[in-house]
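Reader: Hi! Could you walk me through this one while I have it open?

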Amino acid sequence: MAGLPALYLLPHLRKARDLVDRDYAEPLDLDELAAAAGISKYHFLRAFTAVYGRTPAVYLAERRIERAQDLLRATNLTVTEICMLVGYSSLGSFSSKFRQLVGVSPSEYQAKFAATGNPHIPGCYIFMHGLSDRKPAGDR
């Protein structure tokens, strides 16, 4: 019942969640997400956490790691390239968060799927055709 008072904000919170889902690879902060929702950052933080059961920062990290898992399974990109593609600037932070959420390191996760023998999407194709979700600099 604690989350019910925040339900009237659901359409506003969805705007911020959609921003994370769409632009997760960009450096998003609490101020930007609260602005997308149209409410103060502290009210936004409380309401988002009440409605979604996790803070915006945790939601963003989960989204980035989910996308990293997709790329590790389906491409021949390196862990470092994937780290940067999903919005991390530190390989250590990425690897630590990945292990925390998935239970294995990104390299172990990638090796598990490489062993299946399924063909991977070449990294050059990912970069050329925008499948990495990264927008070219002119489109931001």
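Author: Happy to; we'll talk about helices, the core and a few residues.
Author: This is a predicted model, where local features need pLDDT of at least 70, side-chain atom pairs count only at pLDDT 80 or more, and totals for chains, interfaces and linings use all residues. Residues are numbered from 1 along each chain as its sequence is written, and side-chain values use heavy atoms, with hydrogens and water left out.

Reader: Great. Which residues of helix 4 are buried?
Author: Pro 56, Tyr 59, Leu 60, Ala 61, Arg 63, Arg 64, Ile 65, Arg 67, Ala 68, Gln 69, Leu 71 and Leu 72. Buried means under 20% relative accessible area, exposed over 50% and partly exposed in between, with a 1.4 Å probe and protein chains only. Helices are DSSP runs of H or I with at least four residues, numbered from the N terminus.

Reader: And what do those buried residues pack against?
Author: Helix 1 (10-23), helix 2 (30-37), helix 3 (41-52), helix 5 (79-85), helix 6 (91-102) and helix 7 (106-114).

Reader: Switching topic: how many residues does the largest nonpolar core have?
Author: It has 34 residues, and those with the most contacts inside it are Leu 13, Phe 44, Ile 82, Val 86 and Phe 94. Helix 4 gives the most to this core, with seven residues. A nonpolar core here is a set of buried Ala, Val, Leu, Ile, Met, Phe, Trp, Tyr and Cys residues joined through side-chain atoms within 4.5 Å.

Reader: What does Ile 82 touch?
Author: Not counting residues up to four places away in sequence, Ile 82 touches Ala 68, Leu 71, Leu 72, Thr 75, Leu 77 and Phe 94.

Reader: At what angle do helix 1 and helix 3 pack?
Author: About 95°, with their axes 10 Å apart. Helix 1 and helix 3 are therefore roughly perpendicular (65 to 115 degrees). The contact includes Leu 13 of helix 1 and Phe 44 of helix 3. Axes are lines fitted to C-alpha atoms, for helices over the stretch in contact, and angles run from 0 to 180 degrees between N-to-C directions.

Reader: Last one: where is Ser 105 found?
Author: In the loop between helix 6 and helix 7. Ser 105 counts as buried because its relative accessibility is 14%.

Notes. Helices (H or I, at least four residues) and strands (E, at least two) are DSSP runs, numbered from the N terminus. Contact means heavy atoms within 4.5 Å. Angles under 35 degrees count as roughly parallel, over 145 as roughly antiparallel, 65 to 115 as roughly perpendicular and the rest as oblique.
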